[in-house]
Amino acid sequence: MSELLLTGISQVVTPFGHGPKRGAAMGQLRIIPEAAVAVDAGVISWIGPEREWRGSAESVIDLGGHAVVPGLVDPHTHAVWAGDRLADFEARSTGATYEEILAAGGGIWHTIRETAEKSSEEMAALALPRIEALQRSGATTIEVKSGYGYTLEAELRMLEAVRLLQERTQSRLVPTLLIHICPEGLAERETYREMVCKELIPEVARRRLASAVDIFVEHHAWSAEDARIVFACAQAAGLSIKLHTEQFQQVGGLELGVKMGALSVDHLEVCSVEQCGLVARSKTIATILPGVSLHLGLAAAPGRKLIDAGAAVAIGTDLNPGSSPLFSAAAAMGLAVRLNGLTAPEALTACTVNAAAALGLANVGRLEVGMQADLVVLESSDWRDLPYTLGQNIVREIWVAGRKQAA
């Protein structure tokens, strides 16, 4: 006898089969009409057409003819911050660029000044409503980065805030240590990098505060050589690696990430056709962030070219105060269709199983026997309303590990 049987599902729609989906496979979904799902110990124990169910269940819940998709996975957020970037927003509306604002001491530097002195408790309190907004949009697994602390102590406090958040939210949080901005002087940069390698990364690994290390590689941030040194330390400490790269310039970050086996390379707004092929020939996931293109007015990452080249593409919100104040994983999916050239099935794959792979997770992102019972029940009977609808939340219910979550 199963613990729970969900019936009355107009259609279950999911990627299928182990591992990330690449190229044309991203557009292939399994659609089960008039479906039912059985759950035991938080895991899917049976799934198929309701008419084929032959078992019994302690509890049966009729979902009333609504569509079900896997819980969405947001593989790239900066959800912990203090202060705001409204002055930056106004400056950009009058023509200032992201790089100009940063050089003037705004941008990331402003958020660091607002965030670095906050306690972990204060940071968690500020971030909780953001995490809850992502969950209401369908996200059941959410990556959360540090990166606005800058000092060793403040970065540790940021990651401790993520740990506090995990105790207070219903979604699954995945913490990442982000080596974000860097000092301007060469000597200061080397000193900071040494602190990161000899103190910060070992302490994060010892306390299990993060599962991966990310680094921002651009002309105005870290170099590919800096990233190589940091990544060697991260891998030696048993942590996975990933990059912010190819957002504004091509400075070797993507090539380094592929060479060193990064889980993902993220942003990719200026990724070339040749680089699309390089990612496609690797195990690294290409994570695109359409909210940034919308908010900053940048050319969108070449999602269509990446998929046509055979790459595995994921979608994230990049929720942050400066370049992507996007609080909806479903909206990120819809924007990727409109801005990055993905089809609706490809976008669902990118927001589920591929996004999970970008976090090194294999037990979420698809609805199959043995997977975590993370489900999104839609207001609609047709799953395509999820990427289609803008400005209204059509998520009706969220289930995490077989438990319905409070609205």
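Predicted model: local features only at pLDDT ≥ 70, side-chain atom pairs only at ≥ 80, totals over all residues.

Student: How are helix 8 and helix 9 oriented to each other?
Tutor: Helices here are DSSP runs of H or I with at least four residues, strands are E runs of at least two, and both are numbered from the N terminus. The axes of helix 8 (residues 253-260) and helix 9 (residues 273-280) come within 10 Å and cross at roughly 15°; such axes are lines fitted to C-alpha atoms over the stretch in contact, with angles from 0 to 180 degrees between N-to-C directions. Angles under 35 degrees count as roughly parallel, over 145 as roughly antiparallel, 65 to 115 as roughly perpendicular and the rest as oblique. Helix 8 and helix 9 are therefore roughly parallel.

Student: Which residues make the contact of helix 8 and helix 9?
Tutor: Contact means heavy atoms within 4.5 Å. On the helix 8 side these are L254, E255 and V258, and on the helix 9 side Q275, L278 and V279.

Student: How do helix 5 and helix 6 pack, by angle and axis distance?
Tutor: Helix 5 spans 152-168. Helix 6 covers residues 186-206, and helix 5 packs on helix 6 with the axes 11 Å apart, at an angle of about 25°.

Student: Which residues of helix 5 and helix 6 meet?
Tutor: The contact of helix 5 with helix 6 has six nonpolar, no polar and three charged residues. Here Ala, Val, Leu, Ile, Met, Phe, Trp, Tyr, Cys and Pro count as nonpolar, Asp, Glu, Lys and Arg as charged, and the others, Gly among them, as polar. Helix 5 brings L152, E155, L156 and L159, and helix 6 brings M195, E199, L200, E203 and V204.

Student: Is R92 buried or exposed?
Tutor: R92 lies in helix 1 (residues 86-93). Buried means under 20% relative accessible area, exposed over 50%, partly exposed in between (1.4 Å probe, protein chains only). With 16% relative accessibility, R92 counts as buried.

Student: Which residue has its backbone oxygen 3.0 Å from a polar atom of the R92 side chain?
Tutor: Not counting residues up to four places away in sequence, R92 touches I101, H295, L296 and G322. H295 is 203 residues from R92 in sequence, yet 9.8 Å away in space, C-alpha to C-alpha. The backbone oxygen lying 3.0 Å from the polar side-chain atom of R92 belongs to G322.

Student: What is the relative accessible area of L342?
Tutor: L342 is found in the loop between helix 12 (329-339) and helix 13 (344-350). Leaving aside neighbours within four places in sequence, L342 is in contact with residues including I288, I307, I315 and V337. L342 is buried, and its relative accessible area is 3%.

Student: What is the phi of E246?
Tutor: E246 lies in the loop between strand 9 (240-245) and helix 8, and counts as buried at 0% relative accessibility. Although E246 is not a glycine, its phi is positive, at about 55°.

Student: Where does Y150 lie?
Tutor: Y150 has a positive phi of about 75° although it is not a glycine. Its place is the loop between strand 6 (139-145) and helix 5.

Conventions. Residues numbered from 1 in each chain as written. Heavy atoms only, no water. Polar contact = N/O pair within 3.5 Å; in protein donor to acceptor, adjacent residues only side chain to side chain.
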